[in-house]
Amino acid sequence: MIWHVARRELLSRLRSPFAWVVAGTWLALQGLMFTLILGVYLRASRDGGEWEEESLPLLSGLIDPLYSSQSLLLLLFMPLLTMNLLAGEQRGGTLPLLLSSPLSTLSVVLGKWLALLAYVSGLLFVGGALAPITMIWFGEPPLMPMLGAGLGLLLLAGALGALGLLASSLSGSQLVAAVVTWTTSLGLWMLAVLETGDGPAAALARHGSLLVHVRSFGQGLILGADVAWLLAFAALGLLIAWQRLESWRWR
Amino acid sequence: MIEVEQLTRRYGALVAVDSVSFSVQRGEVMGLLGPNGAGKTTTLRILCGCLGPTSGTVRIAGHDITAAPRLARAALGYLPEQPPLYEEMTVRDFVDHAARLRLVGRGVRASAVDQALELTDLQDVQRRLVGHLSKGYRQRVGLAQALVHSPAVLVLDEPTSGLDPTQMAGMRRLIHQLRGQRTILISTHLLGEATSLCDRVTILAGGRAVASGTEDELRAQLLAEPSVRIEIEGDPAECAAALEAMECVGAVQRDGRCLVVTLNTGTPSARSAVNGAAAAFGLLSSRPADGLEELFLRAVAS
Amino acid sequence: MTALIARLIGVLGALAAVVTLGALAAAPELPGLRTLGLTAAVGLGGWLYLDWPAVSSWVRSRGGLEAARAALLVLLGGAILSVAVALVSRADPRWDLSPGGRHSVTSQTAAILATLDGPPIEVTGFFMAAGDPVAVRHRAHWDALADAFAAAGPSLVVRTFDPDVSRREADQAGVTDNGVVLISRGARKERLYAPDERTLVTAIVRVARERTRAVYVSAGHGERPLDTVSGLSLTDLSAELRALGLAVRPLDVSRTEIPDDAAVLIVADPSLPLAQAAAEQIDDWLDGGGALLVAAEPGRDTGLGPLLAASGLALGPGLVVDPLVRSVTGDASTPMVARYGLHASVRGLRTPAVFLGASPVIEAPHAPTEVTVHRLAETSELAWAESNPGEQPLTQGAGDAAGPITLLALSERHPSGRSAGTIVLAGDADWLANDGMRNPGNRDLAVRLLGALANEQDLIELPPRDLPQGSLAMDWLDQVVVGLVALLGIPGLCLGVAAGLWIRRRGM
């Protein structure tokens with residue numbers, strides 16, 4: 001059941017010229033970030049500079065900045081990918097097809113989410129394979145932190161995807177969905193600036209900010225607490241989206 | 001096959017469907033007739049699971065839609081007023097997707113899709129994008145989606161709306177072809193369509209089921225006495241007074257420039273007597289006021 | 001209008017309820033939780049009361065009941081998820097994938113921390129989170145270290161404060177500097193400055209095992225006194241050292257053996273030179289690992305000359321004259337430290353210390369090869385070692401050694417690779433005395449230096465960390481190719497697919 005929904009969603013994305021243009025733009029920006037960060041890193045390691053360690057570490061000098069830029073790109077583009085997931089069904093009148101079928105609304109939500117994740121994984125890991133391939137071809141990068149960073153990006157995509165799905169279920173307007181997703185995810189990201197200090201605001205920032213729970217993956221550290229937080233975030237978003245979809249039956 | 005008992009649907013203070021009851025037997029074609037806003041679409045949406053009832057029971061093929069929703073929906077094919085089409089898919093892909101959603105098994109899916117496309121005469125356009133099709137074709141794709149899993153019950157919401165006369169005729173022919181094996185529920189606001197396509201008709205007005213049955217049963221339900229509608233040139237008040245004085249006339253009602261004369265007996269002589277009396281006031285037209293359309297208008301007005 | 005106000009109140013109450021529930025699960029120690037809970041209750045209750053007609057009619061309809069059910073499910077789900085996340089946070093499973101495990105303590109440290117028992121040891125760091133890049137970097141290092149130690153030891157309570165933001169905590173702890181780490185358990189306290197993993201774990205072990213180290217101040221030869229309070233005595237220094245967690249006691253090296261708990265021995269300006277027997281005792285003690293600080297006044301013989309020479313240190317002729325100071329205070333004979341060395345004991349010090357009448361410190365001629373001499377503090381280039389201090393006006397003559405003049409130097413002895421003690425030589429003793437300690441630079445220098453010397457003496461041996469950094473070697477051409485693929489190749493491919501799909505669609 002979930003498979004059928006996911007399949008249609010994924011195929012529709014892969015066959016849409018517009019989606020490929022968006023993907024191309026995303027990958028171009030990704031490539032730009034990579035080129036710039038790579039350039040800075042190579043120049044700094046050539047000059048030596050006033051770094052404390054003898055040789056510039058690949059992890060903090062290249063992998064971590066790349067990871068940060070990838071996360072920001074995710075933040076920027078996910079709303080574009082999710083805005084039409086449920087709003088489109090509402091606007092296009094295809095909701096009756098879903099609601100009158102034996103399909104459960106939970107399957108619809110999960111199917112769309114999984115299809116989105118599969119697509120984003122393709123963009124991140126196949127389209128974005130240039131960076132790890134370059135590092136492996138031209139040097140000796142630490143491989144485990146790269147896997148950790150990949151995991152972090154996947155979890156972030158899952159969380160943002162659930163948020164976007166939820167926003168898309170709010171109305172038939174793609175614009176509303178996109179704006180809600182952007183403001184919420186940016187807000188939760190920027191919440192991290194309150195982190196320093198010891199008051200309740202700082203505690204809120206430490207517990208509630210997306211950035212705080214995503215950044216260790218880029219430093220080669222996988223914290224179970226972060227994994228749990230991101231999974232819980234996604235689960236809650238999916239739960240609310242599901243109930244919202246159900247509500248169209250009895251509203 | 002379809003049993004609706006005391007179905008009610010409220011939106012806050014507004015009652016869209018008010019204790020509607022009707023039933024459709026296996027193999028029957030039932031028409032849901034009523035003006036726009038009478039609650040037809042709401043009723044159909046509740047039947048198909050797109051909307052939840054406020055109270056009342058609905059059973060599709062014996063399955064209660066609240067107790068066993070999956071089973072009820074699996075036995076049902078639904079074509080809403082706006083066909084639920086994914087514009088960017090090809091016709092074949094779309095019907096195939098609908099088949100998947102309706103749990104048509106992998107082995108039989110291809111042939112089920114072929115059959116549905118054949119029934120709705122869409123084989124020539126099956127590789128075209130749904131978004132590129134004309135309204136008539138889109139309606140047929142919607143119907144194909146409703147048929148692909150060979151449901152026992154077919155629910156069609158205004159299937160001919162927005163079609164030109166040729167397309168309308170084609171759709172009606174199609175529906176005619178489908179009867180027999182399936183139970184069909186059609187909603188329409190056209191009386192002629194209801195009487196020609198359907199075995200029985202339920203009339204909805206203001207959210208309530210006003211009458212239900214075959215054409216004759218309807219007439220019997222709605223009509224107490226035979227009546228005549230006459231239109232005269234002269235003064236309606238004078239004519240009314242004159243008619244009321246006659247012994248075969250029970251009551252006279254004014255309806256604009258017309259008079260609706262209720263007779264005590266339905267004999268032709270009584271009718272001609274009334275016609276004769278009205279001729280003195282310049283009779284323009286006289287028709288039985290107990291045709292279905294008249295009954296329908298009256299039922300809806302009350 | 002009332003309905004609108006009521007609904008606004010309701011929304012506020014609902015938000016407060018969500019935050020309260022989330023906080024209860026994840027961070028129950030949050031202050032103001034009760035207020036939040038009350039706000040939630042008042043908000044929701046107020047809305048229900050004010051908006052009752054609409055609410056009750058809505059609830060009675062099926063939609064209202066279903067909506068309540070859905071809200072309940074979401075609340076339940078949120079609660080369960082919060083609890084799950086909180087449980088995982090408490091267990092704190094972590095996987096350090098970084099090369100060399102830079103986010104974790106070494107297995108040795110972890111093993112040591114695991115052996116600690118008794119009440120938890122409190123480790124509190126005061127590091128500024130914002131400011132100049134050096135401070136920020138120190139904070140980043142500390143955060144990583146604190147995180148790693150917190151994860152490694154259930155017997156540790158690690159907290160971090162920004163002394164600028166958390167003034168109250170800083171004042172209570174008596175912390176005025178940046179980069180201070182306090183370790184305490186009960187009455188036992190220690191203070192460290194910007195420690196690394198080794199120093200930190202050693203100090204934690206000391207606190208846990210209630211071992212004290214002591215700084216012994218040489219007495220009995222007319223040295224600077226420890227007990228009387230005067231401008232020349234060392235009472236302020238002794239107080240500062242006690243704040244670090246060190247015991248400070250007088251010791252007559254000519255008569256008594258140097259005890260086992262001696263980490264540092266200070267010889268501050270003896271009037272009578274120390275006898276050779278005393279010097280030999282000190283030498284033996286240094287051999288077993290110890291730190292000696294010799295602070296000699298110009299013109300006085302400490303009796304430790306040969307010992308110092310064997311470690312590559314000596315006092316040069318003349319008096320250090322610093323024209324920089326003359327332009328400020330009018331007195332050129334109080335040279336100022338213009339530059340601190342890179343040795344760990346003084347790295348990061350910023351405030352200049354001032355020496356009150358000092359001989360230059362020089363490398364002894366014919367220094368043996370198994371010593372490493374580090375310059376800890378020196379003057380600017382404008383200073384010189386004046387051989388004729390009486391001349392008026394003071395000018396740099398031909399026989400005067402030119403600046404920068406070393407004021408403080410450290411020698412590490414390592415015969416055959418083995419570490420055999422550390423000696424620090426200063427050409428002045430007043431900088432350590434109460435008069436000198438009034439200068440904050442002197443205070444910082446004395447405390448850091450002696451603290452580092454004391455810590456060095458019983459550091460737990462940790463295996464050196466192998467931090468493979470990874471490497472990347474690309475030339476200009478490689479970069480261009482990669483850039484082209486990244487900016488044109490891959491996106492171009494996508495656009496090509498888009499175009500192809502679009503053309504195909506038009507025909508369908």
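First, the ground rules. This is a predicted model, where local features need pLDDT of at least 70 and side-chain atom pairs count only at pLDDT 80 or more, while totals for chains, interfaces and linings use all residues. Residues are numbered from 1 along each chain as its sequence is written, chains are lettered from A in the order in which they are written, and side-chain values use heavy atoms, with hydrogens and water left out.

Start with His4(A). It sits in helix α1, residues 2-14 of chain A; a helix here is a DSSP run of H or I, at least four residues. His4(A) counts as buried because its relative accessibility is 13%, and buried means under 20% (1.4 Å probe, protein chains only). What does His4(A) touch, not counting residues up to four places away in sequence? His97(B), Arg100(B) and Arg109(B). Contact means heavy atoms within 4.5 Å.

Now chain B. Domain 1 runs 2-219 and domain 2 runs 225-289; the bounds come from an automatic or database domain assignment. Their C-alpha centres lie 43 Å apart.

Last, chains B and C. Here 9 residues of chain B are in contact with 4 residues of chain C. Together the two chains bury about 660 Å², 53% of it on carbon and sulfur atoms. That is accessible area (1.4 Å probe) lost on being put together, summed over both. In chain B, Thr54(B), Leu129(B) and His132(B) lose the most area to chain C, together 43% of what that side buries.

How values were computed. Helix = DSSP H or I, 4+ residues; strand = E, 2+ residues; numbered from the N terminus. Buried < 20%, exposed > 50% of the residue type's maximum accessible area, 1.4 Å probe, protein only.
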